[in-house]
Amino acid sequence: MTSSYSILNEKDLGNPYELRISVYTRFWLYLIPNICSVFCSFFVLYHFLFDRTLRQALNNHIIIVLLFIGLIYEITSVPLMLYWYQVGTAWKFTLTFAHFWTFVDYSCYSTQLVGFAYASIERHILIFHSNWVSTKKRRFWVHYFPLTSVLIYKIVYYVWIILFPFCEEVIRQSPFNGVPMSCVLGVPFFYKYNTISHQFVPVGLIIILNIALFLRVIWQKSRMNRSIEWRKQRKMTIQLLSASTLYFIFMGPRTLFQFCRFLGLETNDILVLYYHSAFFANYIMFLFPFVCCGSIPEVGKKIKKIFFCRKQRQIIAHLPLNTNALTQKRTNQIVPTRAVSRAAEPPSP
């Protein structure tokens, strides 16, 4: 089948659901967080990859993968969104370029979501069933194989539906960030499959598993008095729960409004709310590196050490001046005292 395509934009579609946020505001709401997030991603990845203890910890492997995925998203798809905010519908691009942008955006964003759902499952295993990964063979089947399978599945799936579609291709750009939307998602079966398996199920797993993790950890700590193991598990628990907060805040509303659309409740108000929630859902990508940086004690200690060293150097730099002043003050107090005591002594006969 020969691929034919045309370009549709919001004006051509007569779309009344454009964001109430101006394009100028959208541009800065993405630009500043994206720049900060890129630098933070490099900082956190540097510590993860060059610190042997962090690199070998099984719970950090999925975090490293998600940071790389987010970094790819931030240096490819987000700059294209920013350019689209500047030029708008005047930007005409080829079908090949549309395929590239759609593939990078869809695969990175969806893999980030599904990957964190997998991390929620794996964290229960690492905390409560650590014997499952006690040998190399068990680590391969329980840790490495599922992670690799998730990545391969997401890549193959989006290569198939984006690069080899079986429908007439129409470059229809998203009304809130300009990303070209795949025509395959217009097919009812694939729309339902993609929405359920790549959004509803991962978000549901993240919510349920993280609440269960929190309750399970609290119960075992209070009832079974496992204080020694709690110290070991606290880092992994805090790391996951703090990151899951991002998904509750930014992905929860989008999933809720998407579920309303899925049930056929596609009113104007729900569509407007859905587009706004989808716009802010990208903040998961922007804030994820900061959460990883703040929730990892090793990185936090290094940051504190840097600031402590600077503060200590400043104190040492001022210390000689203060010491000299104190010595001079003591000398001025001691000398007169000795003089008075000698004057008070009776003269020798």
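**Reading pockets, cavities and contacts**

User: How much space lies in the largest pocket?

Analyst: This is a predicted model, and in it about 1000 Å³ of space lies in the largest pocket. A volume is best read together with the residues around it. Here 40 residues line the largest pocket, and those closest to its centre are Y106, M181, L185, R254 and Y274.

User: How do the residues of the lining of the largest pocket divide into nonpolar, polar and charged?

Analyst: The lining of the largest pocket holds 21 nonpolar, 13 polar and 6 charged residues.

User: How many cavities of 30 Å³ or more does a search of the whole structure find?

Analyst: A pocket is open, whereas from a cavity the probe cannot get out. The search of the whole structure finds 6 cavities of 30 Å³ or more. In the largest cavity lies about 130 Å³ of space. Its lining consists of 14 residues, and H99, E169, M181, S182 and C183 lie nearest the centre of the largest cavity.

User: Which element gives the most to the lining of the largest cavity?

Analyst: Helix α5 gives the most, with 4 residues. At least two residues each are supplied by α5 (95–128), α6 (136–163), β2 (169–173) and β3 (180–181). By class, the lining of the largest cavity comprises 10 nonpolar, 3 polar and 1 charged residues.

User: Is S110 buried or exposed?

Analyst: The relative accessible area decides the matter. S110 has a value of 6%, so this residue is buried, the limit being under 20%. S110 is part of helix α5. The side chains of S110 and K154 are joined by a polar contact of 2.4 Å. Not counting residues up to four places away in sequence, S110 touches K154, Y158 and H198.

User: Where is the place of I206, and with which residues is I206 in contact, leaving aside its neighbours within four places in sequence?

Analyst: I206 belongs to helix α7. With those neighbours left aside, I206 is in contact with L113, F116, A117, S120, S244, Y247 and F248. I206 has a relative accessible area of 1% and is therefore buried. I206 and L240 are 34 residues apart along the chain, and 9.9 Å separates their C-alpha atoms.

User: How many disulfides does a search of the whole structure find?

Analyst: The reading rests on a distance between cysteine sulfur atoms, with a cut-off of 2.5 Å. The search of the whole structure finds 0 disulfides. C36 is in no disulfide, and the nearest cysteine sulfur, that of C40, is 9.0 Å away. For C292, also in no disulfide, the nearest cysteine sulfur is that of C40, at 8.2 Å.

User: What is the relative accessibility of C292, and what is the relative accessible area of C36?

Analyst: C292 has 1% relative accessibility and so counts as buried. C36 has a relative accessible area of 39%, which means that C36 is partly exposed.

Terms used. Residues are numbered from 1 along each chain as its sequence is written. This is a predicted model: local features need pLDDT of at least 70, side-chain atom pairs count only at pLDDT 80 or more; totals for chains, interfaces and linings use all residues. Side-chain values use heavy atoms; hydrogens and water are left out. Buried means under 20% relative accessible area, exposed over 50%, partly exposed in between (1.4 Å probe, protein chains only). On a 1 Å grid over the protein atoms alone, a cavity is a set of points where a 1.4 Å probe fits but cannot get out, and a pocket is an open set with protein on both sides within 12 Å along at least five of seven lines; lining residues have an atom within 4 Å of a point. Grid points are joined across faces, edges and corners, and a volume is the space filled by probe spheres set on the points. Ala, Val, Leu, Ile, Met, Phe, Trp, Tyr, Cys and Pro count as nonpolar, Asp, Glu, Lys and Arg as charged, and the others, Gly among them, as polar. A polar contact is a pair of N or O atoms within 3.5 Å; within protein, one must be able to donate a hydrogen and the other to accept it, and residues adjacent in sequence count only if both atoms are side-chain atoms. Contact means heavy atoms within 4.5 Å.
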